[in-house]
Amino acid sequence: MKPHNKNMEEYRKMCRERTNKSMVKNRQIQVIDNDRGMHMRPMPGMIGLIPTNQKEKRKAAVPVKAPEVKRTRRDRGELEDIMFKLFERQPNWALKQLVLETDQPAQFLKEILNDLCVYNKRGSNQGTYELKPEYKKSVEETNAE
């Protein structure tokens, strides 16, 4: 895009003025007589509430979890009995639910669940454990008695 030749001088003059105007510093310093700085001082209780950098902002946004209490393992046979009672109550359980119900370590529960249950990877019961068919029969038989 080019300006018309007859307006070339005016255009050149306008561009020079624009660049000269942009190079002029128009900042001013003002000396304040009242030097106590009351307006700049943070109010009591405000210190620490406003995060100063990005890391602190992220930390403030994410809630901190309380450290979990270590769970103690029960006897394997005793825990299996508890598991069968839970599966009588409800056919499908998520691992988190079982950890809360039994108050056992998740890794220990997984070991027992691998022996007793089938993990549903897809379908409506995705992410839950269900008793293996051979154990379901024995549970149904005990209910019949």
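These entries cover the salt bridges I looked up in this predicted model.

**Count.** I took a side-chain nitrogen of Lys or Arg within 4 Å of a carboxyl oxygen of Asp or Glu as the rule. By this rule I get four salt bridges.

**Glu-9 and Arg-12.** I found a salt bridge between these two, with the closest N and O atoms 2.8 Å apart. I checked the spacing: Glu-9 and Arg-12 are three residues apart in helix H1 (residues 8-23), so about one helical turn separates them. I then looked up accessibility. Glu-9 is exposed, at a relative accessible area of 53%, whereas Arg-12 is partly exposed, at 38%.

**Arg-76 and Glu-80.** For this salt bridge I read 3.6 Å between the closest N and O atoms. Both residues belong to helix H3 (residues 76-89), where they sit four residues apart, about one turn of the helix. I have Arg-76 as partly exposed, with a relative accessible area of 31%. Glu-80 is partly exposed too, with 23%; the cut-off for buried is under 20%, so Glu-80 does not count as buried.

**Glu-101 and Arg-89.** I noted a salt bridge here with the closest N and O atoms 3.0 Å apart. This pair links distant parts of the chain: Glu-101 lies in helix H4 (residues 95-102) and Arg-89 in helix H3, twelve residues apart. Glu-101 is partly exposed, with a relative accessible area of 43%. Arg-89 has 55% relative accessibility and so counts as exposed.

Last, I looked for shared partners.

How values were computed
Residues are numbered from 1 along each chain as its sequence is written. This is a predicted model: local features need pLDDT of at least 70, side-chain atom pairs count only at pLDDT 80 or more; totals for chains, interfaces and linings use all residues. Side-chain values use heavy atoms; hydrogens and water are left out. Helices (H or I, at least four residues) and strands (E, at least two) are DSSP runs, numbered from the N terminus. Buried means under 20% relative accessible area, exposed over 50%, partly exposed in between (1.4 Å probe, protein chains only).
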